[in-house]
Amino acid sequence: MKPAIFFLLAAALLGGAGTEAARGGEPPLPAGLGGAADSEEPALPPGLFGETESEPPLPSSLERETEEWNREGPGLPFDLAGFADARAGARTQRDPYEKELSLGEVRLQLEAEKGWDRASFRVRSDFLYDPVYDHGTVDLETGRGWLDLRELRGTITPVSFADVRLGRQIVTWGTGDLLFINDMFPKDWQSFFIGRDTEYLKAPSDAAMVSAFSPLVNLDVVYTPCFDADRYIDGSRLSYFNPALGRLAGRDAVVQVERPQTWFSDDETAARLSRTVGEYELAAYGYWGYWKSPAGMDPATGKSTFPPLSVYGASIRGPLGSGIANLEGGWYDSRDDAGGSNPLVRNGELRLLAGYELELAADFNAGFQYYLEHMLNYDAYRDHLMPGEHPRDEARHVLTLRLTRRLLSQNLVLSFFCYWSPSDEDFYLRPNVSYRIDDHWSAEVGGNVFWGVYDWTFFGQFRNDTNVYAAVRCSI
Amino acid sequence: MKRFSATAAVLLLATGLAGAARAQEAPAEKAPTVEEVVAKTNLAAYYQGQDGRAKVSMSIVDGQGRERTREFTILRRDEPGPEGSDQDAYAGNQKFYIYFQRPADVNKMVFLVWKQAAADQDDDRWLYLPALDLVKRIAGSEKRTSFVGSDFFYEDVSGRHTSEDIHELVETTDNYYVLNNVPRDPDSVEFANYKMWIHKASFLPIKIEYYGKGGEKIREYNALGVETIQGHPTVTRASMKDYRTGSTTTMSYRDVVYDIGLPDDIFSERYLRKPPRAQLR
């Protein structure tokens, strides 16, 4: 072989190899672009279309292209969803006034919804089997019994600038994280403390919510024709401090209440004016109703009462540094308290909340809050204490910390929430680990840990209620 | 014009696009500069039309072959630029409304994002939890976090600011502009550089390879299918593989439409509490 020919051949080979190398890393044109290659361009070399070496195989779901995307099942003219949830919990210490098991239930939640352009209707209900606390008859107000109706509501848009939501519904507003100042809608503290899913912290309202929207300001008004109390701690499941007995109590002294229950006179109105300015959400709130948990006593009957209460407040929320900050305040006007001198009615308060949440690292969030309850007319309160009553401090300070870590493609969530009151010298910890097994199944374990120096502080009174729980859930 | 972004064209691919049509009108004989390629890619990948809707199905297959799925509908609206600005005025702030249908435990959850085009400003994000009727504001300065547990990062979905990388046009082939991109702040990201194959006619990124600090390939994006919708070449199937975990996420898009006239107030608290059925359908 002559050197010249050799070099030509070598150059051709090298050139070709170089071209091959370059094309080797180049992606094939995807379907939809291949045909669109400009006609002036030289034809693509064979192999480019078929080359798939750097592509992953198609996941199986892509082969099911014809699968129904819509949630509307075949033959069902509405959306249907739900879950089954089995949950058990136990006290970690003996409680002389309560059962050892704090929780043991199987729950089926079904939700059906039908929507049109300007209206929708939704019903969402829980069906319970509770062998530990079998309450028998259904009480839709407290959620006791085998049926807990969560929502039964219609939503309509009568005019373009307004929405109306009517019926049993869950309503939430305000800026706190598991702390509430201007959100005066019913809470279910019992569910919260025994380890049900956080969604059960909010109890339903039977109400009408009217919202009107304008570029200047938005207005929401929630009218509840018959007072909806919290699902408060009454001793039937969780022990608490009973001031009349001067000790912890439980099933031996279940709280007896006189509940305002006359339709259209024992009513509640909550209103919010809100506006977003740039990235900041501003809101002003008003509430005219009652203390949501027992905050008074009727001396004639000895029963606990829900005295009249008005709340006026405001909030702001928006970005600060690399996180989200919020500030919220409220004036609790305890209308029957007569300058703080009525020992049978809780005093008015100023409440304040400042919070900050940020992402410390990828999938690792932290949140901090400072919360203050400052009693009004404190001197009058001290001058009119009941005999043997443990006086509260003028100011109750609470700090909260939330840590959330997501691992394993966010399927494993480690969560920790802590309330700590340096003034009451008590705390409440909420550790939780949840794992999403697949698209349907999930499991979690967690705890509710209460501790305090004194029996009569807010979290300290629940010291014997400290519990751990576990749950599995299948969602459909 | 530091408002551009040029990285994995993912979700927004489906709901965005406007630049490609303009790009094709450019004289073919004149080779574009790397800045032009980056800018046009950003438009093609994230800004098609002035608004849009897509239904997205996501399949996440982990290293052990276990599959998880996500289904959601995404609405997008580009905010008009200031008065008298040029034709790229729409490559600025954007708003996204993401309505989840599956898996069942996130059904009816809504994720709202106001994307801030300024590189030094965090996006605003809200999450609506229907069972609590809770509008939660999300703190998130970390953009290289998994999007809904998939192999796509939040930044893959919302777009990475082009000013954060140094771009180099390393090769021009018959079909592609091949770009190498190096982060200006290497400590802020998990990769050392990434290489993009940008289709010359459509300016769509067809493949993106991310390399780790040791030079190893750590992630790879592939556009698997493209459809031309209302004149906009649109990626309707795409995958992201993470070589470190062996997990691959494939997204496919259905019912993609552009310029449906989404009103701005859709992207507000009102429609978190009351999903806009007419627009989501």
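A: Happy to! Let's start with Val110(B), which is buried because 21 other C-beta atoms lie within 10 Å (buried means 20 or more such neighbours within 10 Å of a residue's own C-beta, with C-beta atoms placed from the backbone). This is a predicted model, in which local features need pLDDT of at least 70, side-chain atom pairs count only at pLDDT 80 or more, and totals for chains, interfaces and linings use all residues. Residues are numbered from 1 along each chain as its sequence is written, while chains are lettered from A and ligands numbered from 1 in the order in which they are written.

Val110(B) belongs to strand β4 of chain B, residues 110-115 (strands are DSSP runs of E, at least two residues, numbered from the N terminus). Setting aside residues up to four places away in sequence, Val110(B) touches Tyr97(B), Ile98(B), Tyr99(B), Tyr128(B), Leu272(B) and Pro275(B); contact here means C-beta atoms, placed from the backbone, within 7 Å.

Now let's step out to the chain as a partner. In chain B, 59 residues are in contact with 58 residues of chain A. Strand β11 of chain B, residues 217-229, gives the largest share of the side that touches chain A, with seven residues. By class, that side of chain B has 17 nonpolar, 21 polar and 21 charged residues (Ala, Val, Leu, Ile, Met, Phe, Trp, Tyr, Cys and Pro count as nonpolar, Asp, Glu, Lys and Arg as charged, and the others, Gly among them, as polar).

Key: Helices (H or I, at least four residues) and strands (E, at least two) are DSSP runs, numbered from the N terminus. A residue is buried if 20 or more other C-beta atoms lie within 10 Å of its own, exposed if 12 or fewer, and partly exposed in between; C-beta atoms are placed from the backbone. Two residues are in contact if their C-beta atoms, placed from the backbone, lie within 7 Å.
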